[in-house]
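Okay, thanks everyone, let's get going.

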Amino acid sequence: MRLRFAWAGTVTALMFGLLLGSAAAWCEVGEPDPLEGFNRGVFEFNDVLDRNLLKPVAKGYQTVTPQFVDTGVSNVFTNLGKVPAFINHVLQWRLAEAGSDGRRFVVNSTLGLFGLFDVASKLGIEQYDTDLGVTLGRWGVGPGAYIVLPLLGPSTVRDGVSRGGDLFLHPLFYVDDDTTKWSLRALEMVDLRADLLSVEELITGDRYVFLRNLYLQRREFLITGELPEDDFGDEDF
């Protein structure tokens, strides 16, 4: 019965994401960032929150957590992410990638002790990233305007509304105890932020422009396999 409700929620989420994502196609704009004024305001809000809360917590987490534990935690969340990745790759008809997702999840959940150890990579099983936003993009849904979401950061109209569907596809959504569920979500966020500490120095120039262009280029690559032409003029990274 629980499994039936889980899959019902998944189907509902996909339909919801598709309908909202289709609406994003109507938001195609001639200029690359029509909401820049609003976006920069939200970007500053997120940046202040990050500097004063999330980043210090991530640094503390990294300081007190042994490297092998930190790696194990990251591996567990990456392994759980193979479930929605598998479903989305099937919906995209990328069956080879879906097969890799399935093999990675099975191998790491068993031989890797619930994902603590990335045995699949040692066995040469490829890893691929995807989500519902990429699925909608592969189905022909346009990205809509670029938008920075409070707390969540860079997105587009299509990717923003598809996040709700991705929640239904993730195993953590079906954890019964709310305290456990949100504690794991918080740990996932802190672990991810800690992993990003080492790459911050790569950001140069206007941070807003750098992260916007990086996000849009990566999303285009995930959908088409090609990097887009620069639509943002001569702005420096």
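In what order do the elements of the protein run from the N terminus on? They go α-α-α-α-α-α-α-β-β-α-α-α, and the count is 10 helices and 2 strands. Helices (H or I, at least four residues) and strands (E, at least two) are DSSP runs here, numbered from the N terminus.

Quick housekeeping. This is a predicted model, where local features need pLDDT of at least 70 and side-chain atom pairs count only at pLDDT 80 or more, while totals for chains, interfaces and linings use all residues. Residues are numbered from 1 along each chain as its sequence is written, and side-chain values use heavy atoms, with hydrogens and water left out.

So, the overall picture. Of the 237 residues in the protein, 38% are buried; buried means under 20% relative accessible area, with a 1.4 Å probe and protein chains only. Now contacts, meaning heavy atoms within 4.5 Å: among those between residues at least 6 apart in sequence, 69% join residues at least 24 apart.

How do H3 and H9 pack? Their axes, lines fitted to C-alpha atoms over the stretch in contact, are 10 Å apart, at an angle of about 120°. Angles run from 0 to 180 degrees between N-to-C directions. Under 35 degrees is roughly parallel, over 145 roughly antiparallel, 65 to 115 roughly perpendicular and the rest oblique, so H3 is oblique to H9. On the H3 side, Asp 70, Val 73, Ser 74 and Phe 77 make the contact; H9 brings Leu 184, Leu 187, Glu 188, Asp 191 and Asp 195.

Last stop, Thr 156, in strand S2 (residues 153-156). Is Thr 156 buried or exposed? Buried, with a relative accessible area of 2%. A polar atom of the Thr 156 side chain lies 3.4 Å from the backbone oxygen of Pro 143. Beyond four places in sequence, Thr 156 contacts Pro 143, Ala 145, Tyr 146, Ile 147, Tyr 215 and Leu 216.

Conventions:
Buried means under 20% relative accessible area, exposed over 50%, partly exposed in between (1.4 Å probe, protein chains only). A polar contact is a pair of N or O atoms within 3.5 Å; within protein, one must be able to donate a hydrogen and the other to accept it, and residues adjacent in sequence count only if both atoms are side-chain atoms.
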